[in-house]
Amino acid sequence: MAPVRTGVHIVWADMLPVMQGQKKLEEYEHLKQAAGDMLDQVVWWTRALVAARRSEAAEAAIAA
């Protein structure tokens, strides 16, 4: 598990029109921005953790 700074928080004022069929979630720019920011952070963590695991594997191979 890795912490991310941004989340996608859908407040009731945004969700109610979606549930009533008046709007779609895609119409809310602030939600799209938050989702993009959150996914950017997940990608960053993915790359950082892959590099860390490769480094640990290389160190273990050298030690063996």
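**Helical architecture and residue exposure in the predicted model**

Ala 60 counts as partly exposed because its relative accessibility is 47%. This alanine lies in helix α2, and its C-alpha atom is 15 Å from that of Val 50, a residue 10 positions away in sequence. These values, like those that follow, derive from a predicted model.

The secondary structure of the protein consists of 2 helices and 0 strands. Helix α1 covers residues 12-19, whereas helix α2 takes in residues 29-63.

The overall dimensions of the protein were examined next. Along the principal axes, the C-alpha atoms occupy a box of roughly 60 × 15 × 15 Å. The radius of gyration is 19 Å, whereas a compact globule of 64 residues would have a value near 11 Å. Among contacts with a sequence separation of 6 or more, 50% are made by residues 24 or more positions apart.

Of the 64 residues in the protein, 11% are classed as buried. Within α2, the buried residues include Leu 31, Ala 34 and Gln 41. The accessible surface amounts to about 5400 Å², and carbon and sulfur atoms contribute 61% of that area. With regard to charge, the protein carries 7 positive and 8 negative side chains, and a distance of 3 Å separates the centres of the two sets.

Two further positions in α2 were considered individually. Gly 36 is located in this helix and, with a relative accessibility of 27%, counts as partly exposed. The C-alpha atom of Gly 36 is 19 Å from that of Met 1, and the two residues are 35 positions apart in sequence. Asp 37 is likewise part of helix α2. Its relative accessible area is 29%, and Asp 37 is therefore assigned to the partly exposed class, which lies between the limits of 20% and 50%. Between the C-alpha atoms of Asp 37 and Ala 48, which are 11 residues apart along the chain, the separation is 17 Å.

In helix α1, attention was directed to Trp 12, which belongs to this element. Trp 12 is classed as exposed because its relative accessibility reaches 55%, and the threshold for that class is over 50%. When neighbours within four places in sequence are set aside, Trp 12 is in contact with Pro 17 and Met 19. Trp 12 and Val 42 are 30 residues apart in sequence, and their C-alpha atoms are 26 Å apart in space.

Note on methods:
Residues are numbered from 1 along each chain as its sequence is written. This is a predicted model: local features need pLDDT of at least 70, side-chain atom pairs count only at pLDDT 80 or more; totals for chains, interfaces and linings use all residues. Side-chain values use heavy atoms; hydrogens and water are left out. Helices (H or I, at least four residues) and strands (E, at least two) are DSSP runs, numbered from the N terminus. The radius of gyration is taken over C-alpha atoms; the globule rule is 2.2 Å times the number of residues to the power 0.38. Buried means under 20% relative accessible area, exposed over 50%, partly exposed in between (1.4 Å probe, protein chains only). Contact means heavy atoms within 4.5 Å. Accessible areas come from the Shrake-Rupley method with a 1.4 Å probe; for residues, only the protein chains shown count as cover. Lys and Arg count as positive and Asp and Glu as negative; His and the chain ends are not counted. The place of a charge is taken as NZ of Lys, CZ of Arg, CG of Asp or CD of Glu. The expected span of a helix is 1.5 Å times one less than its number of residues.
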